[in-house]
Amino acid sequence: MSEKKILEERSLILNRRAFLGKTALGLGGTALASLMGYSYFNKSPNGVLSPSNTIAGSKGALNTLHHPAKVKRVIYLFQSGGPSQLELFDYKPLLNLRRGEDLPESIRNGQRLTGMTSGQDKFPLVGSQFDFKQYGKNGTWISDLLPYTAKMVDDLCIVKSMHTEAINHDPAVTFFQTGSQQPGRPSIGSWLSYGIGSENDNLPAFTVLLSRGTGRPQGQPLYTRLWGNGFLNSLHQGVQFRAAKDPVLYLNDPKGTTKETKRAVLDKLASLNDKQYTEFGDPEIQSRIAQYEMAYRMQTSVPDVMNIDNEPDYIYKMYGSDAKIPGTFAANCLLARKLAEKDVRFIQLYHMGWDQHDNLPGAIKKQAKDVDQASAALVADLKQRGLLEDTLIVWGGEFGRTNYSQGILTEDNYGRDHHPRSFTMWMAGGGIKPGISYGETDDFGYNIVKNPVHVHDFQATMMHLLGIDHKKLTYKYQGRRFRLTDVEGNVIKDILS
Amino acid sequence: MQIHLLTIQIGNLHPLFVHLPIGILTFAFILEIYLKIKKSEQTDIAKLALGLTAFTALLSLGTGWLLGDNGGYDEVALSRHKWMAVGLTVCSILLFILRTLPHNWCKKIYVPLFIITLGLLGLTGHLGGNMTHGDDFLFKQHAVTELAIVDINKANAYKDIVQPILDSKCVSCHNPNKAKGELLLTSKISIIAGGENGSILDSVNGEAASLITRLHLPLDDKLHMPPKGKVQLTSEEISLLKWWIKNNNCFDCTVEETDVSPQTKSILKTLEKDTTALGKLTATAEIVPLEWISKMNANGYSVTPLAEKSPLLIVTLASKKNITSKDFKYLNEHAENIIELNLAYTNFNDDLASALPKFKNLLKLQLQKTKITSAALKDIDKLNLLESLNLYGTAVKSDAFKYIKKLKNLKKLYLYQTAITNTELARLKKEKPNLITKHLADTLFNNAVLNNPYIVDASDFFNDKLDLQLEHVFKSATIFYTTDGTEPDTTAIKYTSPIRIKESKTVKFFAYKKDWVQSDVVTANIKKSGLLLDSIWLQKKPHENYRGDGANTLKDLKRGTVNFQDGAWLAYQGENLNTTIAFNEPKKISTVSIGSLTKPTSWIFHPIGYKVWVSNNNKDFKLLKSIKLPIPKKYVDDAIAFYDITFEETEVKYVKIEVENITKNPVWHPNPGGQSWVFVDEILIN
């Protein structure tokens, strides 16, 4: 947006304020606004809300949900790097039978490849080195790498027919999180914070927890913009909780500051900011005031939620003893449960290290061990607490991996390249059919043959479960109404209970 | 042909023109009254109005005549409308003439005729309106049509599903009054009969029935149905019509007798009347005023409408610090609208529980982690719709079952972290088999494995002694260890205080904890750093990306990590590392240890050979030892390790070492033949 345009928009905000708030016409304006179905007054143009200007129980830009919600919150266990569906969920014995044979062109069908394998003159098929067994009521095939997930399979809805448009990490993760491959759009959590707001005034609606995998410790990095607010007000950005002395950076007061001085400083600052806002009308000033207040409240709420010392021994037996070590995926899963108990709307975990181009068997073994027990424990723990009824848990990466080996296939070693055409995710929780598999890939595990689910479909389904029509939660920016699912996305009704 | 088209065009203007005489005649009437009251003699304006009425009435009549000739209307209704319009036109011309003539008798019949004309106007307009919008347009009951299908499988495919779609989207044009395209869609007989283009159900030339194809044409296509501007069918409605045609447009089948795809099934399911408790409550509850909801939220209650237009509410007091009976008094005002009440983590207790029966429509009640006991539930049976009850982490005991048992609709009960035992749960389960009380199998997480113990402040080298401190994330775990290289078990030495080490040693240890599977055995090679290397230099500069602190990197007693960019490593690509070490005084030496890294994914491999020369004058070097190691045959995990080169004790001043690089990636490597690396971080001499 050009500077001129920004200034123009600001002056419009100011004019509207002046028109509605400062003149005798204000009252008439209110009547007019309500007649036109506009709600100028319950929120400012950027969706900044304060308790005094919400109406009718609405905590976000939507006055009410579009339809009754099945879930109140989401825990998204993002497996960054692209876990191999072929070693974990999508059992393809044919690949073991035809091990070493070249991938038939009729199957590849012109699929573009990454620069990492496009130079390969052979694409030797390779099956999973790990066995699969059947579990649960429906005899779902699960790899030996995921013994705990296998035990919880009757609670999971495994979608084997995910597909995406991106083939490299950053665009693919960005696509999943924001609905667009190019950076700049708000993340899912930001959309929810904007649309339906927070249930807990003392914690942000959108929290982020990161962990590094042991499978590929120097794996793909993540960027903070993945939990950014895009063009939404910066109030809606994800807040990262770190595994360190200061879980949230810059939250603690400097030494020697008392609660009272802090309060006095904030009050004075708010009044100055208010003055500035009245003059300039920059909505970011308002969100800055709100952020200071949120940070103030978080000074007590965050240490409370990050403290896992009081958890009993059997909880660690569930999540695994790694949960004792801050910054591990297991510890983050335990924190996710605590945040869910506190009604945080969107809890985003990222576990890095799934990008196993080479030495996949060795790496995925460690990587799966990182996440298997804790993921299953999270489902189980929420279930016994009665929280799974209204929570959605999502487990999955940004794409899958190829059915052929990247690099030379040896007796006990191979790698797999990125594969956007088909991969597996699972969901569990309220409104989702438990214990089913949805969608199918061909015997080569390369193409989807039944019930494809696009990234936008997944996003639409997630929104649907939260009571939001994905087509109706929009935000007008630079003359266009944007939404998470862009111009696509269909709710996958078949997996809804 | 041209003329015919033109008449259609002109005829279509009828709906525009008809409104002119209606408006102008009414205006003329009002004008006459006004002039009468004002006793005004200005009659020109009235004459003008009447003239205009007559003229526009003629226009309307003409265009209407052409439109009627185009067909598609009920004959009887059309002829009535037509002839009444003729009468109306004649009357309005007469009115104009009477107003202009000066005779006295004209004035006498002027007023009665005016009233007759107005009457005619009303009737003609009404009949015309009925022809366009349907007979019942004006007096139709706009009641919400309630879905009457109770069991979709038993519903009649045509009568209950197809005809209602036709009724809502097609019949306004294809009815006996209008019959566009000579097609009626009002009954089985007329649907089978089809229209001017023949059957709408049969597939022609392999194309689908025209009932379907017409729906799929582009919106701008003249043949598209419903025509542009009319309300279109939804995609669900289209798929239902398709489903019916596919089943040979069966008029008498019930849904279960047809072939239904899963997609269609889910659409059909939505037609079923919602007989769930939620559905019934939604239909019967009264809307709560927005002001009340706003007021409650402003006062710190979280009251959320279930959804748009829903009268039902979700209430949570979970963020309230102190709940009192007053809070419930406020909520009581609309207690019947509340279907979910969340009191979790609050001070809610047995005394406050007397407020619960008022919320008789609750479907979900969350009381987890509150201060209640069984007594709080004694009136819980008043909440007879309750489906989910959360009591986890409360002091509720099994004596609460006698109250809970009365809840007929209860599906889920959460009793985690209560004093209730598995046997007591099993007893309840026997009496209420449909109630889910146990949410997890006891054995689910039985085999939890302890993670590994670790060395605190692991310094990798020591000079004369080291106190090795071991720890585990669980303070309550026990660590067992050996220092003689044997595998430890629970008979090994129990760790209680730091282990004193004076020589290079291999320490093996693991953690044990009751009810857990013990950890892996951890092996630590503790090295004595030995002699101080006085000076060291390299024959060739290392790769500029990995040059650490120059040659000194090799004697700084700082180990590198698998993250080879940490600055603790020296590296060469495709060539060997050659270094010379000098002692200030001659020293007796017997071991040279070299620390290196392997990380095949980054083309880094352990050395495949070492050579050690010694000299006392830095000129005449004697080869003391040469070692050749095998090239790795397959992938190895990333690791750092020391290689010890031992020889007979020799007294020397200078030591020259060559570390041999594998130089090329092995054949099994993803990039065989690539120039590989050798990484060295430390050289120890003892």
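Two residues are in contact if their C-beta atoms, placed from the backbone, lie within 7 Å. The model is predicted, so local features need pLDDT of at least 70 and side-chain atom pairs count only at pLDDT 80 or more, while totals for chains, interfaces and linings use all residues. Residues are numbered from 1 along each chain as its sequence is written, and chains are lettered from A and ligands numbered from 1 in the order in which they are written.

**Figure 1. Overall form of chain B.** Of the contacts in chain B with a separation of 6 or more, 64% join residues 24 or more positions apart. The C-alpha trace spans about 150 × 75 × 65 Å along its principal axes. Domain bounds, which come from an automatic or database domain assignment, are 2–133 for domain 1, 152–271 for domain 2, 280–431 for domain 3, 454–527 for domain 4 and 535–685 for domain 5. The centres of domain 2 and domain 4 of chain B, taken over C-alpha atoms, are 79 Å apart. Chain B holds 16 helices and 23 strands (DSSP runs numbered from the N terminus: helices are H or I with at least four residues, strands E with at least two).

**Figure 2. The side of chain A that touches chain B.** The contact takes 42 residues from chain A and 41 residues from chain B. On the chain A side, helix 11 (313–319) and helix 13 (360–384) are the elements that give two or more residues. Helix 13 of chain A gives the most, with five residues.

**Figure 3. Nonpolar cores.** A nonpolar core is a set of buried Ala, Val, Leu, Ile, Met, Phe, Trp, Tyr and Cys residues joined through C-beta atoms within 7 Å. A residue is buried if 20 or more other C-beta atoms lie within 10 Å of its own, exposed if 12 or fewer, and partly exposed in between, with C-beta atoms placed from the backbone. The largest core has 134 residues, and Cys157(A), Ala336(A), Ile393(A) and Met427(A) have the most contacts inside it. Helix 13 of chain A gives the most to this core, with twelve residues. Not counting residues up to four places away in sequence, Met427(A) touches Cys157(A), Val159(A), Leu392(A), Ile393(A), Val394(A) and Ile432(A). A second, separate core of 47 residues includes Val288(B), Leu312(B), Leu352(B) and Phe401(B).

**Figure 4. Surroundings of Ile338(B).** Ile338(B) lies in strand 3 (residues 338–342) of chain B. Ile338(B) counts as buried because 23 C-beta neighbours lie inside 10 Å. Leaving aside neighbours within four places in sequence, its contacts are Leu313(B), Val315(B), Leu331(B), Phe359(B), Asn361(B) and Leu362(B).

Figure 5. Most residues other than glycine have a negative phi, and most peptide bonds are trans. The bond from Met225(B) to Pro226(B) is cis, with omega near -15°; Pro226(B) lies in the loop between helix 9 (210–216) and helix 10 (235–246) of chain B. Asn451(A) has a positive phi, near 50°, and lies in the loop between strand 14 (448–450) and strand 15 (453–454) of chain A. Thr663(B) has a positive phi near 65° and is placed in the loop between strand 22 (639–660) and strand 23 (677–685) of chain B.
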